[in-house]
Amino acid sequence: MLTKKLQPVQSFLSLVSRSVGHFPRQHYDVIVVGGGHAGTEAAAAAARLGAETLLITQKIHTIGALSCNPSLGGVGKGHLVREVDALDGLCGRAGDWAGISFSILNRRKGPAVWGPRAQLDRQRYREFMQSELLSTPRLTVMEGSVEELLVTDPNPEQPGQHRVNGICLANSSHPISASSVVLTTGTFLSGSLFIGQTTSPGGRIGDAPSSAGLSHTLRERLGLKVGRLRTGTPPRIVKDSVDLSLATLNPPDSSPTPFSFMNTHTRCRPEEQLPCYLTYTTPGVERVVRESLHLNCHIQQDAKGPRYCPSIESRVLRFPGRRHQVWLEPEGLTSDLLYPQGLSMTMPPDVQLRLIREIPPLHKAEIHMPGYGVQYDFVCPTQLSPSLQVKSTQGLFLAGQINGTTGYEEAAAQGLWAGVNAGRRALSKPPVALSRTESYIGVLIDDLVSRGVTEPYRMFTSRAEFRTSLRPDNADLRLTLKGRFELGCVSSSRHQKAVRVKNSLQDALAALQALSLSTTSWKRKIPDVHVSEANSNMLSGIEMLQYKDVSFQVLASIFPEVLLPFMEFSQRLKIEAVYRPHCESNKREIQRIQEEENMSLPEDIDYLSLPVSLSQEVREVLHRARPSTLGAATRLEGITPAAVVNLFNYVCFAEKRKKTSHGNQRRQKEGREEELCASLPQ
Amino acid sequence: MFRPSSIHRGVCRAVIRGLWTNRRTSLHRLLSTYGGVQGGLADADTIFALSSGYGRCGVAVVRVSGPASATALRSMAGHRLPPPRTALLRSITDPLSGEMLDRGLVLWFPAPHSFTGEDSVEFHIHGGPAVITAVLQALGSVPGTRPAEAGEFTRRAFQAGKLDLTEVEGLGDLIHAETEAQRRQALRQMSGELGHIYRDWSHKLKRCLAHIEAFIDFSEDELIEDGVLDQADRSVCDLQSQIEQHLRDERRGERLRSGVHVVIAGATNAGKSSLLNTLCQRPAAIVSPIAGTTRDIVETAVDIGGFPVLLSDTAGLRESADLVEQEGVRRARERVQQADLTLLVVDSTCLPSDVQRAAGFLSEHLRSVSPSQKQPATDMCLLVLNKSDLLPETQRQKLKMELRGVSGLPAVCLLSCQTNEGLKDFLTVLQSSVKTLCGDPLAGAPTLTQARHRAHLQQCVAALSQFQRYRDSDLALAAEGVRLALTSLGRITGRVGAEEILDIIFKDFCIGK
């Protein structure tokens, strides 16, 4: 069944009245600034947790807007969508509601790297997000522009430790206080737009950048290290002006696979789906790019753009003489526009038109809106703790492009995680962790906070060490149960469903394990499968299922009384059976990493004076990076094994040290310090 | 007799054990990241190693620890296990051929009453290198055993809670020493033929993995043709057969030079080659009054106090316009970096007559020898003040008296290669340094390194066959095989991270979505 809300989406009028009609409260548990992919997930997650939440956005009707490509998911990104969904986030269900063309990428390459992906209807995606947020209990949505963050002066006991108290809106004298604030400014933080030689302030075409006061607070008051990144978007093209007969048709899957574990089908019926089209650049495209370089400000800037999502300019300059793919993607079921994926460009509009007309299906194409480039500030994410809270400012959380990432899915994943942590902090619940060994979200967060970014960060499956365990098919088993009891962001209905799935899979695997037959008997029952002769022992049903040509259906037809009840899980069971041995062998390494991650290093540690035997180089590395766990410390460059052992000793004795100091409160301060040093390994 | 100190220690130990119970496993695992073999092999492995020092000795002790210890003992020294912790004289035979290798004492320590807390066995055998190698090889053929990583016995003891606090604190130093010894050994291998081969394999495998990962992460939207995979197929096949052949033919490749590496270094015309000739008692290197006579490394194997030493004479360190000499100086510095012990030869007539200034001169000199411009550790260096016969007697006495025990300076020996004056004292100092180094089984024990490399290479081959097995059915599992292979090889050549693979991907492909 689809989501509970099949009724028409509320009108914008009612939305506005809900938020602006009565004066907002003076205090919230959590304030989320920004209504993009990170902001919506953050606000929804905090509210699910039970926190009284306020979402502030410039315009309510742009909540859930897809600023760039009209699609969701893909290889690596699809993994993130499934995980956000498993934690009861919005984007998976929104994708199922708005999708108009579903396909699983990498279908032939093994289920661990399958990439669920969909083309989206922009209108429907916005509708879903807005209606979902506006019907979420404990969540208030308000239009406004945040002028300033309210932060306390640093605590004299702990220099550099600020605390966020709330926000101040532009054109309003009333500050709104909050225990936690989540900033999801996207490309809006000191954003500027580039077309040709003109530059204008803004985060998206038609939308103003965030206020200068916010930038100022982050940089000057809080002293955060800020960098600059760039991205871009292609022109939108009038569909009727395109000769699609000159492009290659690329049909979607005949049976759409939903993103969400809660859905069995998508809103769009299989036969309603729209295809994409594939075409290629020509030498003429390269010529136009070269001729117009002097008219192109954005490409000449040195802010870093993504290597894997480059503009057409950087593609032809870096790989000249080649043809490059261009995908023509539908923008919606009823939209009369096409989105040319791969043609992100920033030259003047007239040159853009000349360029696209060098591509055969577009030789008479009209541009509805030209492409443009965006440059924006990001906060170097090594200044965040793994909860995405700014280390030097209690209660301030950052998520999405502000942390140097690119992509809707990466933003959504961070938004959810920041929302969970902001909510937990506001409700005085202990912080929680999500390991890179159990989720792509964990990989994303760990990469960001412990390594930082040099270019916009995008998820790839190759970033995950335990790729065979972190599959899109098992995201619910990995995360939903944890999400319910440890994190508190999962509803009871989703939890119940996950428990049922988990139990059924367990029962089915036990039943398969119990089906133990000799090789000869199996051969008699499944004659066309080549069972290895060398294995004269008994083979279980699980082992048989590991054979390439043996499906669960085949086994179920032989043992209907035992296996038929599990038919709805046939695909998942096949995957489980094949991957099980590999996941088992991963387990020890996973356990090691998790133990390292469990050993946290105190945030206020002064590495330069720590009474532990460490070389000056190691001290400086640790001082700069301030790893939050011993695991993160071991991954730093320049950390020696001996240093790890000594840090380990320190971590272990830190607890003892605390007890000693509490027990001796009446002693002289000096005396106590002497004792502390003595209890540490020198 | 009542001994309070032992009770105190007992209490301490109990407290510490309690404190560490939850943590020690984690540290053990954590250390295994650096240990090398461990991450790839099961914890339940049985390990063995020569526990006594390397070099000529009467009795050598080979230790075995782990669940297969009893099997190893039974298959090599008679079917019946000896009574626990009792030395028995037994014939020690090869488990496969039944050939007798030696007669020696065997001891059986069932868990938990052993150094490591695991089942363990000790073989006390004759100290010749042939016997030791034969016994180590025989142990390697017992199923479930492998050569121990340096320090692994200590780590297991730690894991079992058999170490007290001071010993635990010493673990950091141990690891430091190990990594230093491993670093020196790795540097030696990596500058040789073997290192070249390993690096080449690692490079090929990295590219291979990058191409497979690119195909997985990008092929649906990008112009990455299936041809990329064919290339990977061929590379994997080639690599597999190359490594297999390397494993089959043990004589191929480089024979690791064994013994303690002692390097003679210093300024030109200080008398380095004379010292070499004096030490090996034959004119191995050309000696002349012309500065810069020695241009390349002159190597010679000598026996110092019964320990095998590889002595290298190097080009004198000076700025030179001569290209050949420049290269000689570069090689000399590289040698110093790889050395277990450096003999820094100084022309004593060049020393300032004031002793305080002489000490400063010497430490300056020490720094200039090291490629990193840092003073080498004092126990890895000896200062040899040559040409003492040219100094007036009063100056000689002053130097002898006052340069002894200056803090921050290594041991100083005053001698003359011309008259052999002071040579005896120098040899005593040299011998004791070499002995200390040899007492540490890490210093140049080639059999252990080779065995470790074999284990990694075997894992690498096994992992590559996982690629073949899944190539057509599941590319994710196939890629996992290449990842594992690269990890195994990386344990010899250094770790490879995801970012490095991504860099290759972006360099090689025009990724655009």
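Guide: Helices, of at least four residues, and strands, of at least two, are DSSP runs numbered from the N terminus. The model before you is predicted. With these terms in hand, one may turn to chain B, where Pro112(B) lies in the loop that runs between β4 (100-109) and β5 (120-126). The peptide bond leading from Ala111(B) into Pro112(B) is cis, its omega being near 0 degrees.

Asp88(A) sits between α3 (77-86) and α4 (91-98), and its phi is near 70 degrees, a positive value in a residue other than glycine. Asp88(A) counts as buried because its relative accessibility is 7%, and buried means under 20%. Arg138(A) belongs to the loop between α5 (122-134) and β6 (139-143). Phi of Arg138(A) is likewise positive, near 70 degrees, and this residue too is not a glycine. At 37% relative accessibility, Arg138(A) is partly exposed, a class that lies between the limits of 20% and 50%.

The cysteines complete the account. A disulfide is a covalent bond between the sulfur atoms of two cysteines. Over all chains the count is 0 disulfides. Cys381(B) takes part in none, and its nearest cysteine sulfur, belonging to Cys413(B), is 11 Å away, whereas a disulfide requires the sulfur atoms to be within 2.5 Å. Cys381(B) is buried, at 2% relative accessible area, and Cys413(B) is buried at 5%.

How values were computed. Residues numbered from 1 in each chain as written. Chains lettered and ligands numbered in written order. Predicted model: local features only at pLDDT ≥ 70, side-chain atom pairs only at ≥ 80, totals over all residues. Heavy atoms only, no water. Buried < 20%, exposed > 50% of the residue type's maximum accessible area, 1.4 Å probe, protein only.
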